[in-house]
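Please read it with the structure open beside it.

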Amino acid sequence: MMLLLYLFYFKKLQLTFRKILLLITGVLGFVLFMNYLFLERTKLFAGDKAYDIALNDSNFNYTLTASDEFKRDFDQKSELGKTLSFSFITTSQYFLHGMFEYGYLYENFDSEHAYGSYTFIVYKRFLDKLIGSKTDIIAIQDLAPRQGVYTTFYGPLYLDFGWFMLIFMFFFGRYTSSIYEKAKSMDNSAVLVYFYIFIVLLFSPVFNFVSGAGGIFLFTSFNIHRVLQKQIIK
């Protein structure tokens, strides 16, 4: 996505109907291929029960499950039909379950908030090294009532700040607005940060790309680059 944003922003890639069609086809093909690999891997240890395990026992199914009507219809499909239906339902669960998991997190969270140590745990560990303190990292990672699921962009923030995350979002919004204005003025270092924030906001109903997927390292690296570039220019 970073590469695509770069190509679009600097007009290295122009969208046409044919390119859009190829892109959509490529994405759908990729999704089908990944689901095929997942099924084949599951069949290695589950055999004929692969579909049943994936559709009933996966972590996603706790808060967002397929209806009984879908399951009855699924059993009557051909092997190809099952593969296509399976790809649709699991992909839908993958992208949508975070919103339901966030509701579950809110209703079942009964611990102390982490005050930034959950979302920005990398900074906390770095600070511990500098001042010689020690943080129970395992306890922080176990704050969420359910592990191995997405809780949207806001789940980790709620674990950190509770409803005070609204204040955090206010300052994050001001920061984003500032980066946007600098990116419009062709500040190349701001453009990198803007691309990253765009991805964070685009996937906010699904996943927190700051606390997960190494996002905090990208965010930190891009901002260090901005600071260094300013110093060089000066």
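1. Basis of the note. This is a predicted model, in which local features need pLDDT of at least 70 and side-chain atom pairs count only at pLDDT 80 or more, whereas totals for chains, interfaces and linings use all residues. Residues are numbered from 1 along each chain as its sequence is written, and side-chain values use heavy atoms, with hydrogens and water left out.

2. The chain as a whole. The chain holds 11 helices and 0 strands, where helices (H or I, at least four residues) and strands (E, at least two) are DSSP runs numbered from the N terminus. Its C-alpha trace spans about 70 × 50 × 30 Å along the principal axes. The accessible surface comes to about 15100 Å², of which 65% belongs to carbon and sulfur atoms; such areas come from the Shrake-Rupley method with a 1.4 Å probe, and for residues only the protein chains shown count as cover.

3. Among contacts (heavy atoms within 4.5 Å) with a separation of 6 or more, residues 24 or more positions apart account for 69%.

4. The cores. A nonpolar core is here a set of buried Ala, Val, Leu, Ile, Met, Phe, Trp, Tyr and Cys residues joined through side-chain atoms within 4.5 Å. The largest one has 26 residues, of which Tyr118, Leu159, Tyr196 and Val210 touch the most other members. Two or more residues of this core come from each of α5, α7, α8, α9 (165-184), α10 (188-202) and α11 (215-233), and α10 gives the most, with 4 residues. A second, separate core of 9 residues includes Leu55, Ala66, Phe74 and Phe86.

5. The largest pocket. About 730 Å³ of space lies in this pocket. On a 1 Å grid over the protein atoms alone, a cavity is a set of points where a 1.4 Å probe fits but cannot get out, while a pocket is an open set with protein on both sides within 12 Å along at least five of seven lines, and lining residues have an atom within 4 Å of a point. Grid points are joined across faces, edges and corners, and a volume is the space filled by probe spheres set on the points. The lining of the largest pocket has 22 residues, and the closest to its centre are Phe30, Val31, Thr91, Tyr94 and Phe95. Helices α2 (17-46) and α5 (79-108) each supply at least two residues of this lining, which divides into 17 nonpolar, 5 polar and no charged residues. In this division Ala, Val, Leu, Ile, Met, Phe, Trp, Tyr, Cys and Pro count as nonpolar, Asp, Glu, Lys and Arg as charged, and the others, Gly among them, as polar.

6. The second largest pocket. Its volume is about 380 Å³, and of the 21 residues that line it, the closest to its centre are Tyr118, Val149, Pro156, Ser211 and Gly212. Helices α6 (121-131), α7 (137-141) and α8 (154-161) each supply at least two residues of the lining, whose classes are 10 nonpolar, 9 polar and 2 charged. Not counting residues up to four places away in sequence, Tyr118 touches Ile140, Gln141, Leu143, Ala144, Pro156, Leu159, Asp160 and Ser211.

7. Two positive phi values. Most residues other than glycine have a negative phi. Thr152, in the loop between α7 and α8, has a positive phi near 65° and is buried, at 5% relative accessible area. Ala213, in the loop between α10 and α11, has a positive phi near 60° but is exposed, at 62%.

Definitions and conventions:
Buried means under 20% relative accessible area, exposed over 50%, partly exposed in between (1.4 Å probe, protein chains only).
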